[in-house]
Amino acid sequence: MNGRTVKLLDGNTFVVSDQSGDIEATPTDPTGLFAFDTRFLSTWVLTLDGTRLSPLSVDDLQYFQSRFFLVPGVATVYVDAKLSVVRQRSLRNGFVEDVAVANHSKDPVDLRVRVEAGSDFADLFDIKNSTPKRGTHLNQVEDGQLVLGYQREAFHRETVIRADQAAQIDEHGLTFQVHIEPQQRWTTQLSVTTTARRRGKRLPLVFGSRANRTSQDMEAELKQWHSQAPKLRSDWEPLKQIYERSLTDLAALRFSPEVAEADSMPAAGLPWFMSMFGRDAIVTSLQAIAFVPELTATTIRVLARWQGSVIDDFRDEDPGRILHEMRYGETAAFGEQPHSPYYGAADSTPLFVIMLDEYEQWSGDGALVRRFEHAARAALNWIDEYADLMGNGYISYQRRNEATGLENQCWKDSWDSICYRDGRLPGFPRATCELQSWAYSAKIRAARLAREFWNDPDYADRLEREAADLKVRFNRDFWIADRQYYALALAGPEGDQVDALSSNIGLLLWSGIVDEDKAAAVAGHLMSPELFSGWGVRTLATTEASYNPVGYHVGTVWPFDNAIIARGLRRYGFHKDAARIATGILDAAPYFDGRLPEAFAGYPREETRYPVQYPTACSPQAWSTSTPLSLLRTLLGLDPSGDHLVINPALPEHIGHIELLDIRGRWGHMDAYGRGRMPITAQRMQ
Amino acid sequence: MTTPARSFLDGLAQRGHVPWLEAEHGRLRLELVDGDCVQLWTLAFENGDVRVDHDDSDADAVLRADRAWFDRAVVGEEKFMPAVLRGEISVDGGYGLVVQLSRLLPGPPGQSGPPKAPNRRRRSG
């Protein structure tokens, strides 16, 4: 689809259309109406007397609702339309579209209004991989409605299209013969419902009780969502826009997977990742914890319910492992993809334990920690018993599903992300450095939980001993003394150091695994021109052979990565460096209407003057959406301590005064105030 | 006649306490369809114990499947979620208990599992 697209989303249902509201998807582009990883509409075109419509404007009313103002014909500088059309589209188990045709002339008009509809029922993986369908398509007209269908064995998906005005319905659309008096309007409401057939019955394809909400319900819910979040006041105007955008996008990304009942957790990102991802959901929830703590509680509950229980090579599942990805489309249903769910992530499991502790520290919800004691223990057991593939005491990964499993099971999960300085790719297993940092943090935090909630001081002692031992070994085995940074990974059967300089070293600081005497060197590398672009820390340094400013994980800047790095820098006392990173990332946001994309290019800031979006970046992307929230937390220095909230601001001068009011937690409600005192001027544009 | 489904359910009743199930409470009805006949079972999850009754008492959720499918599932040859997505089995009510039941099933036969490191390090302590 050419030109800008209009996106509506609510959890894992979304519509991507052109500026007229039309959809003409090709097999390889992710436009259309999607639900549960399946495209339910690939054609949806409105015409008047066979003429296409041109957009005058589009109002994004809400994340789930848009209004298109249109006129017939090709838009020119001079528009003198006798007719105009308004389409208002709202998501609801598919979508509902109100079409109004207005006659602005002095004479009555007779028109043929036509909606062309079709669906290829592509699975998102068909679109990614351009694979043909194996089932049969069947469109039929029944009881005044058009049903677009697709069936493969008992897998049966249908799109049901209805109108509230009389229409001639054929297998490719609906036609209305319309008479409109002068200065009058004709309206109809079209509904497009995504359904599945089970044992002959047609049912809406939904899980949980969040389904079937009306626009009014969703609007009320969104209002409540904003009213429960802390209020932000800031002298720096863009920050407020970024903040409100983040909260709204997080609301839009909430989705209720099958085991969440009425609650919701964040889906990972539009359009490719509108599903449950362990790592993304955990990082997003953690980054947003000071603002919307309830996301974390649901994420804990849902991921625990799906915690691995058996050895399953196809799904890379082990007992205790936390899932990586769930998919609901045809390829998962028929075992052509392993996401049912797939467990190939080496970090989700320690991150799950970190999340449980962090949630208790904020909420004081000891009952939840007790309830998920066994899930946490199983996760910790996975670290020791299933993840140490090299036998050297480190978490490493090597996929067992060679056909469709992930080669890299860390956050940089593209095939070429883990490399040596000279560009060679290492062998397997691979133990990336940040995995050890998560393991360290998980053990330290679980020790606290064991002592305070699980009544098991022996276990707590053991975890602390193991963590201390891990820290000593890590600082010995990963440290590259002559380069003064940590290896990206140990890899291959011998566990050789993979020596590329990468953003991964920044993720080590947050856990505290970095020896005090090495922290300054790490911070120095992070802020060097090789890693810091002026907007943020690049995934890979410019000095490395594989560096590519538009390489997915080998040179781009990822906002969420930077948010974690900034927190780590503050932990080690590098307040100014943390503020520089926060400033760079927040400065980038207004170029994207306050919505940080998944990644942007690694070009030096002084070269491009604006952040260049990575070509196929997802947006909104959950952990980019929560990044500004995390940066705010870092800048204000918000940290729970016992039953109190510590506030220790370290703000850049240009941000001026910040107030964050009504921060919810075990302390009740607290307000945080800060004033920018640090001059961060380098490379900032006015 | 003993079927894999029957053996599994008998085993479940005798399995005793399952610590990770302590977080789950509720009653799940299994409807196993065998031709014209439907066998009904109720699984009561309570504090980590599972009580299995051959009856049709009230339940929070219902899982309906062909007995042949369930026979395969209890020996690790079928997965729950793909079968739901394929429309082969159906769930009424919440999915929470059904997913927990699926976690009590064995994994697929003949798996290699994580590679064993030659000099596996012993955990300290």
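Is the crossing of helix 4 of chain A and helix 5 of chain A left-handed or right-handed? The crossing is left-handed, meaning that the near helix is turned anticlockwise from the far one by less than a right angle (clockwise would be right-handed).

Before we go on, a word on the source: this is a predicted model, in which local features need pLDDT of at least 70, side-chain atom pairs count only at pLDDT 80 or more, and totals for chains, interfaces and linings use all residues. Residues are numbered from 1 along each chain as its sequence is written, while chains are lettered from A and ligands numbered from 1 in the order in which they are written.

**The helix pair in chain A**

Helix 4 (residues 278–287) and helix 5 of chain A pack at an angle of about 155 degrees, with axes 9 Å apart. Helices (H or I, at least four residues) and strands (E, at least two) are DSSP runs, numbered from the N terminus. Axes are lines fitted to C-alpha atoms, for helices over the stretch in contact, and angles run from 0 to 180 degrees between N-to-C directions. The two helices are therefore roughly antiparallel, a term for angles over 145 degrees. On the helix 4 side, A:Gly278, A:Ala281, A:Ile282, A:Ser285 and A:Leu286 meet A:Leu295, A:Thr296, A:Thr299 and A:Leu303 of helix 5 of chain A.

| Chain A, four strands | 1-2-4-5 | antiparallel | 20 degrees |

In chain A, the edges are strand 1 (6–10) and strand 5 (38–41). Three bridges join strand 4 (residues 32–35) of chain A to strand 5 of chain A, and A:Ala35 has A:Thr38 as its bridge partner.

Strand 1 (residues 26–34) and strand 4 (residues 61–66) of chain B run parallel over six bridges, with B:Leu32 opposite B:Ala65.

**Where the chains meet**

Between the chains, 47 residues of chain A are in contact with 34 residues of chain B; contact means C-beta atoms, placed from the backbone, within 7 Å. Among the chain A elements giving two or more residues to this side are strand 17 (185–198) and helix 11 (457–477).

Conventions:
Two residues are in contact if their C-beta atoms, placed from the backbone, lie within 7 Å. Two strands pair if DSSP finds at least two bridges between them. Angles under 35 degrees count as roughly parallel, over 145 as roughly antiparallel, 65 to 115 as roughly perpendicular and the rest as oblique.
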